[in-house]
Amino acid sequence: MELWLTETYGPIRGGWKAGGVLYSKQSKYQLVEIVETERWGKTLVLDGCMMTTEKDEFVYHEMLTHPAMVSHPAPKSICVVGGGDGGTVREVLRHPGVERVVLAEIDGDVIDVCRKYFPDHTSKLDDPRVDIQVGDGFEYLKNHQGEFDIILSDSTDPIGPGEVLFTQEYFALTKRALRDGGVLVTQSHSPWDPDSRLRNIRDVLLHNFSQAHWYGAVIPTYPYGWWSFFFASDKVHPLESARIERMQEITQNSKYFTPAVHDAAFAVPAFLARELGVA
Ligand code: SPD
């Protein structure tokens, strides 16, 4: 009998041929599963939603991380909110000037299970610059003001438990936790989502930051295959501030990110520009 991993996301459903469920446990927060798939290798599934896979994870993690890291003038202190699989921390530490990375992940079980099943994702979690804080990222930021050059919000989607990480209150906290001229990047959702919150996310970001730039990337294992992010800052502009030498340096070891990909990612298709109110 064939086994399929499926994810239902509003009015669509994706399916991936699977080899078996390697791990399944209800943590304090969510159902944590590791499923072996034929095309994408091992996948981390939280409450039925695919979070990361062995084979396409590089797109999401590189694109969440590098646009901000190559645009900020000197990123030294970084906070990753969520991201317990470790992929974002791994990408942050490709930048040699980084002195400190806080990983604020609410679910310690996610970190433990990923250490076992995703050794490449988690390869930098024991780096001495990494400070793992198992707890609510929202609460963590409340108690840490003016500490970070960049905050990367590597959350679940803006439905259910992850919803709080897309609110006005959360974005105000990120602003306070950043140093002057800092950058916040948050994952958002697919522009094809019929219940799009992209306009709302942009508006809320603009209550806190003078700029909020949408950008996109193609991620085959996320719903609709086309995913998106926002880059928010008062002083750093992703196209005007990006350093070509730093982009070229990262490109030596990247699988997706290049200087041309960086520029192209910020191009907003016409229908979306109208939806976001930037046309
Ligand atoms: N629809 C899935 C979006 C998941 C975004 N976060 C993934 C965490 C990977 N580090």
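Reader: Leaving aside its neighbours within four places in sequence, which residues is Asn 208 in contact with?
Author: A quick note to begin with: this is a predicted model. Asn 208 is in contact with Gln 168, Phe 171, Ala 172, Lys 175 and Asp 234, once neighbours within four places in sequence are set aside.

Reader: Thanks! And where is Asn 208 placed?
Author: Asn 208 sits in helix α6.

Reader: Is Asn 208 buried or exposed?
Author: Buried: its relative accessible area is 11%, and the cut-off for buried is under 20%.

Reader: What does the side chain of Asn 208 reach?
Author: The backbone oxygen of Val 204, at a distance of 3.0 Å.

Reader: Which residues of helix α6 are buried?
Author: Helix α6 covers residues 198-208, and its buried residues are Leu 198, Ile 201, Arg 202, Val 204, Leu 205 and Asn 208. Looking down the axis of α6, you would find these buried residues within an arc of 165 degrees, so they line one face of the helix.

Reader: Why would residues a few places apart point the same way?
Author: An α-helix has 3.6 residues a turn, so residues three or four places apart point the same way.

Reader: Nice. What do the buried residues of α6 pack against?
Author: They pack against α5 (168-177), β10 (178-187), β11 (211-218), β12 (226-233) and α9 (270-276).

Reader: How about Asp 203, how exposed is that one?
Author: Asp 203 is also found in helix α6. With a relative accessible area of 33%, Asp 203 is partly exposed. From Asp 203 to Gln 168 is 35 residues in sequence, and their C-alpha atoms are 9.3 Å apart in space.

Reader: Let's hop over to α5. Which of its residues are buried?
Author: In α5, the buried residues are Tyr 170, Phe 171, Leu 173, Thr 174 and Ala 177. Seen down the axis of α5, they fall within an arc of 155 degrees, so they line one face of the helix.

Reader: And what covers the buried residues of α5?
Author: The cover includes β6 (77-82), α4 (137-142), β9 (148-154), β10 and α6.

Reader: Changing topic: how many residues does the largest nonpolar core have?
Author: It has 38 residues, and Val 101, Val 185 and Phe 229 are those with the most contacts inside it. Helix α1 (residues 57-71) gives the largest share of this core, eight residues. There is also a second, separate core of 29 residues, which includes Val 81, Leu 205, Phe 209 and Trp 226.

Reader: What does Val 185 touch?
Author: Not counting residues up to four places away in sequence, Val 185 touches Leu 64, Ala 68, Ile 151, Leu 152, Ser 153, Tyr 215, Phe 229, Phe 230 and Phe 231.

Reader: One last topic, phi. What is the phi of Tyr 224?
Author: Tyr 224 has a positive phi of about 75 degrees, although it is not a glycine. Tyr 224 is in the loop between β11 and β12. At 27% relative accessibility, Tyr 224 counts as partly exposed.

Reader: Which residues is Tyr 224 in contact with?
Author: Beyond its neighbours within four places in sequence, Tyr 224 is in contact with Tyr 9, Pro 11, Ile 12, Ser 190, Trp 192, Asp 193 and Pro 194.

Reader: And where is Asp 47 found?
Author: Asp 47 is in the loop between β4 (41-46) and β5 (49-53). Its phi is near 45 degrees, a positive value in a residue other than glycine.

How values were computed:
Residues numbered from 1 in each chain as written. Predicted model: local features only at pLDDT ≥ 70, side-chain atom pairs only at ≥ 80, totals over all residues. Heavy atoms only, no water. Buried < 20%, exposed > 50% of the residue type's maximum accessible area, 1.4 Å probe, protein only. Helix = DSSP H or I, 4+ residues; strand = E, 2+ residues; numbered from the N terminus. Arc of directions from axis to C-beta. Contact = heavy atoms within 4.5 Å. Core = buried A, V, L, I, M, F, W, Y, C linked by side-chain atoms within 4.5 Å. Polar contact = N/O pair within 3.5 Å; in protein donor to acceptor, adjacent residues only side chain to side chain.
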